[in-house]
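Trainee: I would like to go through this structure by question and answer. Where do we begin?

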Amino acid sequence: AVSMHISLDRANEAVNALRNQSILFALLASLPLIGFIYYFIRRFVSIPLDHPSSNLAEIAQGEGDLTRRIPQERQDEIGRTATTFNDMLGTIAGLVRNVGQSAAEVTRSAASLADSASSLADSSHRQNQQSMNAAAAVEGLNDSIAHIAESADEVRIRSRESQARSNQGRESLAHLIAEVEE
């Protein structure tokens, strides 16, 4: 039996050294690549998104100023988003303008309605006053008619009394003529 003994320690050391060198090379090569990727993302994504975002924050705190717009400086997705947002602000501004005009029209209509109601109330008051005056006149006329009726009744009574006296006078005269003729 023959035995052979080969030491792998040197091979393992070489493999470990190569592994450590590969890791170190990968780290050293990755750092500039990571820096480039960070710069690329920052330059072409983060900063372009921060600019519209800060403009949006200013518009949001602009106390309803719908005339402000996000500057459109790019032709990419961010620029198209800014354009779309500006169009949306224009639409909202138009709607607010329409609501304002409608509110003014409603205010004018309400004022006109209030004037009409006031005019109607005045007319009703005048008509009521005229009706009360007519009622008072009719009542006065009724009192006059009642007074005339009482006077006519009194004239009738006196007329009958006068006729009765006249009849008595005629009878007395006829009686006196008859006595004188006898």
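Mentor: With the term helix: here helices are DSSP runs of H or I of at least four residues, numbered from the N terminus. Keep in mind that this is a predicted model.

Trainee: In which element is the place of Phe 44?

Mentor: Helices are numbered from the N terminus. By that numbering, the element that holds Phe 44 is helix α1.

Trainee: How many aromatic pairs does the count come to?

Mentor: Rings of Phe, Tyr and Trp pair if their centres lie within 6.5 Å. By this rule the count of aromatic pairs is 2.

Trainee: Is the pair of Phe 40 and Phe 44 stacked, edge-to-face or tilted?

Mentor: A pair of aromatic rings is described by the distance of the centres and the angle of the planes. Planes under 30 degrees apart count as stacked and over 60 as edge-to-face, with the rest being tilted. For Phe 40 and Phe 44 the centres are 5.0 Å apart and the planes stand at 45°, so the pair is tilted.

Trainee: About how many helical turns separate Phe 40 and Phe 44?

Mentor: Both residues belong to helix α1, which covers residues 9–60. Because Phe 40 and Phe 44 are 4 residues apart there, the separation is about one helical turn.

Trainee: Are Phe 40 and Phe 44 buried or exposed, or in between?

Mentor: Buried means under 20% relative accessible area and exposed means over 50%. Phe 40 has a value of 42%, and Phe 44 has 40%. Phe 40 is therefore partly exposed, and Phe 44 likewise counts as partly exposed.

Trainee: Which residues do ring pairs link into a cluster?

Mentor: The tilted pair of Phe 40 and Phe 44 belongs to this cluster. Its members are Phe 36, Phe 40 and Phe 44.

Trainee: Which residue has its charged end over the ring of Phe 44?

Mentor: For an Arg, the CZ atom has to be within 6 Å of the ring centre and within 35 degrees of the ring normal. The charged end in question sits 5.5 Å from the centre of the Phe 44 ring. It belongs to Arg 43.

Trainee: What is the area of the nonpolar surface patch that includes Phe 44?

Mentor: Patches are made of residues with over 30% relative accessible area, and Phe 44 is at 40%. The patch is made by Leu 33, Phe 36, Ile 37, Phe 40, Ile 41, Phe 44, Val 45 and Leu 49. Its area is about 740 Å².

Trainee: Turning to the other helix, is Asn 86 buried or exposed?

Mentor: Asn 86 lies in helix α2. Its relative accessible area is 13%, and the limit for a buried residue is under 20%. Asn 86 is therefore buried.

Trainee: Which residues does Asn 86 touch, not counting those up to four places away in sequence?

Mentor: Contact means heavy atoms within 4.5 Å. With residues up to four places away left out, Asn 86 touches Arg 69 and Ile 70.

Trainee: How far apart in space are Thr 83 and Ile 157?

Mentor: Thr 83 is in helix α2, which covers residues 77–181. In sequence, Thr 83 and Ile 157 are 74 residues apart. From C-alpha to C-alpha, the distance in space is 109 Å.

Trainee: And how far apart in space are Gly 90 and Gln 21?

Mentor: Gly 90 lies in helix α2 and is partly exposed, at 28% relative accessible area. Gly 90 and Gln 21 are 69 residues apart in sequence. The C-alpha to C-alpha distance is 61 Å.

Trainee: How many salt bridges does the structure hold?

Mentor: A side-chain nitrogen of Lys or Arg has to be within 4 Å of a carboxyl oxygen of Asp or Glu. Glu 77 meets this with Arg 80, at 3.6 Å between the closest N and O atoms. Another bridge joins Arg 158 and Glu 154, at 3.1 Å. The number of salt bridges is 3.

Trainee: Is Glu 77 buried or exposed?

Mentor: Exposed means over 50% relative accessible area. Glu 77 is at 55%, so it counts as exposed.

How values were computed: Residues are numbered from 1 along each chain as its sequence is written. This is a predicted model: local features need pLDDT of at least 70, side-chain atom pairs count only at pLDDT 80 or more; totals for chains, interfaces and linings use all residues. Side-chain values use heavy atoms; hydrogens and water are left out. Rings of Phe, Tyr and Trp (its six-membered ring) pair if their centres lie within 6.5 Å; planes under 30 degrees apart count as stacked, over 60 as edge-to-face and the rest as tilted. Helices (H or I, at least four residues) and strands (E, at least two) are DSSP runs, numbered from the N terminus. Buried means under 20% relative accessible area, exposed over 50%, partly exposed in between (1.4 Å probe, protein chains only). Patches are made of residues with over 30% relative accessible area and no salt bridge: like charges are joined within 9 Å, nonpolar side chains (Val, Leu, Ile, Met, Phe, Trp, Tyr) within 5 Å. Accessible areas come from the Shrake-Rupley method with a 1.4 Å probe; for residues, only the protein chains shown count as cover.
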